[in-house]
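Please read the report below alongside the sequence and the 3D view. It begins with how two chains meet and then turns to details within each chain.

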Amino acid sequence: MFRKTYAVLALSSFLYACPSAEPTPGDNPTRDGGTSVDDPNRDGGVTTTTPSFLASEKGSVRFKRNRRIQADFATALDLNDAAVCNELGQYSCADFIHRITLGGVEAYVQGLNEPLPFTSVTTPLAVERMALFACRERVTTDLADSDNARIWGGLPLANGALADVEAEEVAAAVQRLYQRALLRNPTPDEVAHHRQLYRDIEADGQPNAARDWAILSCHAVLTSMESLFY
Amino acid sequence: MRWSLLPAATAVVLLASDAWALPVAPGAFCDAYPEAPTCLAGLPACTYCHAGTPPTRNRFGMALEAKILPAMSRPLSAEDFLGALPTALMELEGEDADGDGYTNLDEILSGTLPGDDLSRPDEIECVGKTGTNNQYDVCNWDARYAFKKVSLDFCGRSPTWEQMQAFEAAADPRAAVHARLTECLDSPFWIGQDGQLWELAHKKIRPIQAIKSGDDGGVIPLADYYDDYRLFVYAQTDDHDARSVLTADFFTVARTNANGQTTHYDVATGGDRTGRQDVSTDRRAGMMTTRWNLVLNVMFTALPRTAAAQAYRSFLGMDIARLQGLNPIANEPVDYDDKGVQADACKVCHSTLDPASYPFKNYQGLTGSVGTYDPNRIEDDFRNEGANITAMPEQGYVLGQPVSDLTEWAQVAANSEAFAAASVMEYWRLLLGHEPLASEQEEFNALWTTLMGRNNYRIERMLHDLIDTEAYGVP
């Protein structure tokens, strides 16, 4: 199901790595971070552009590591810290199973007194598992009780699909996601990316396209550079 | 000194081809460049002139070696070497040994490594840049950036959207950042068990659960290192003196709220429960004389070199095994325990390490009455450790200064520039993820000198200064 979807997600992640780029006069309004969103059949073809924003000379960002990631996912999705991710439903991803690979330490038994100096090859996998687990929790809860939803409330649903991907409620949900996870509003291009993501998922003929879209939109934002580094 | 280079710096020791023959070199370098950042609170180390393991030299070391009495056969005597070094350094000042575009003198004075082309003076330069950034002011201290960073660094989580909205509306954003810091400095993430301050203490305490006693004890309970953690965190928090890690004659307890979360640390009184601690009050020297530290680092040794070396590493930021912090004492090492440390390859370090270890000699590790001060320890338990073992004095040296016992050792160390710089370096690394860059050196030096002065060794005050630096607050 996710072949095309993942391609779009990859583009989305690239996009989110440069979230500060606001369109400036003369910019192509359909481009942001070098990815095109105006062709629904397109799922590749990254092009590079010079950022239109003033970039930091220091370029010093740090990985949030296990506990901050867990806390931020919990805050963004209004979950208890302990509910963000548990392997087999009982082993904490951040505090136990993926603790070291996510930059944690274990001094008392393993003698690992400091975090590993670099993220490991499995760190992205662990982060994605945490994000997917947490996003699924939030989306499931929100879609089951739309009136009390934190993010995904009020969507125009019909038989598991979005009745109108251009509806204001869709943009409002994406806005809530950005505000809670990235502490800012999405740019128009970013909203367009999320709508395009839905179209790609729907084109795959999935029965619960709206749910899949909500989970993967959440996943894309939570696993962005902007979300994981500071 | 540029503290970041301390680990790297003692290497000037090895300027001559005989790698262990010239421990006087760092001092001579600093006599020539007393204003160099690497000399401000200590001495330079190996990587200043060497690449990897000495005697292999980096490009600066090779250039320098070529200038020092090139016609004389090697190895040079210490006298010849010292006599020629200042002139050789001066002759190299205008050259660029590592080819990074900066002269050796520029690098020496800015605190970068003249033999490493990746280490160079690096000013953040926004002049002439165009464009805007809708998130941050990337050329100046940015309150919004600092607010988020403080929240993550000290509270362990980003602010909520609502908190950011409130911050955006604040009349004085910088004050709001400091208010957030004050709040987070009491957070479980910062002061709680396994919080950030506990993690900072891991390397100093080196816990081993299998031999822990008390809560969460192991199968062979020997000592309770929770006392060590609590004393460390106490010294870093509230209005407590950071030097307590070396000078405290007390232990501390964590106070908790109704949810079981740690709120602050107090000096333990009669009704408080601590681990077993048997060193008499007048012989205590903070974390150096806890039962755990003595069990782990003194163990069964007559001359507790490991204990002294670990104290240098933990509290002075100097790893003697890496030729850092060497202050050779005349006529040392005596080799009271017959370990052969007078060999040339050994005495470079042991002329500093052994005199630093003598003041530990009466503290029992795993011999005698474990974890006590025993003035007859050597005579009673180590008589067979060497012909002169009973002549070993309790008097010793730390940082080149004579001390009569370990409590004086602790006072000298705690009041040193090295201690202040090492204390600030811990937080610099924790919060910025790297050692001070050349462009950050001035701010770093201001932090540790102010810690000794205006901030009166209060870490939380220092942290309020740290978040105001450009190094921390410029995105």
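## The interface between the chains

In this predicted model, the contact takes 33 residues from chain A and 49 residues from chain B, where contact means heavy atoms within 4.5 Å. The size of an interface is often given as the accessible area lost when the parts come together. Between chain B and chain A the buried area is about 3500 Å², and carbon and sulfur atoms give 50% of that area. Buried area here is the accessible area (1.4 Å probe) that two parts lose on being put together, summed over both.

Residues are numbered from 1 along each chain as its sequence is written, while chains are lettered from A and ligands numbered from 1 in the order in which they are written. Local features need pLDDT of at least 70, side-chain atom pairs count only at pLDDT 80 or more, and totals for chains, interfaces and linings use all residues; side-chain values use heavy atoms, with hydrogens and water left out.

## Polar and charged links

Between chain B and chain A the count is 3 salt bridges. A salt bridge is a side-chain nitrogen of Lys or Arg within 4 Å of a carboxyl oxygen of Asp or Glu. Glu199(B) forms a salt bridge with Arg65(A), and their closest N and O atoms are 3.2 Å apart.

Across the interface of chain B and chain A, 18 residue pairs are in polar contact, both residues at pLDDT 80 or more. A polar contact is a pair of N or O atoms within 3.5 Å; within protein, one must be able to donate a hydrogen and the other to accept it, and residues adjacent in sequence count only if both atoms are side-chain atoms.

On the side of chain B that touches chain A, the elements giving two or more residues include helix H6 (143–155) and helix H10 (196–205) of chain B. Helices (H or I, at least four residues) and strands (E, at least two) are DSSP runs, numbered from the N terminus. H6(B) gives the largest share of this side, 6 residues.

## A hairpin in chain B

Strand S1 (residues 252–256) and strand S2 (residues 262–267) of chain B pair in the antiparallel sense over 5 bridges; two strands pair if DSSP finds at least two bridges between them. Val253(B) has Asp266(B) in S2(B) as its bridge partner. S1(B) and S2(B) form a hairpin with 5 residues between them, and Gly260(B) in the turn has a positive phi of about 80°.

## Backbone exceptions

Most residues other than glycine have a negative phi, and most peptide bonds are trans. A cis peptide bond joins Arg74(B) and Pro75(B), with omega about -5°. Pro75(B) is in the loop between helix H3 (59–67) and helix H4 (78–92) of chain B. The peptide bond from Glu332(B) to Pro333(B) is also cis, with omega near 0°.

Leu88(A) is not a glycine, yet has a positive phi of about 55°. Leu88(A) sits in the loop between strand S3 (86–87) and strand S4 (91–92) of chain A and is exposed, with a relative accessible area of 74%. Met299(B), also not a glycine, has a positive phi of about 50°; Met299(B) is partly exposed, at 35% relative accessible area. Buried means under 20% relative accessible area, exposed over 50%, and partly exposed in between (1.4 Å probe, protein chains only).

## Chain A as a whole

Chain A has 8 helices and 6 strands. Of its 230 residues, 48% count as buried.
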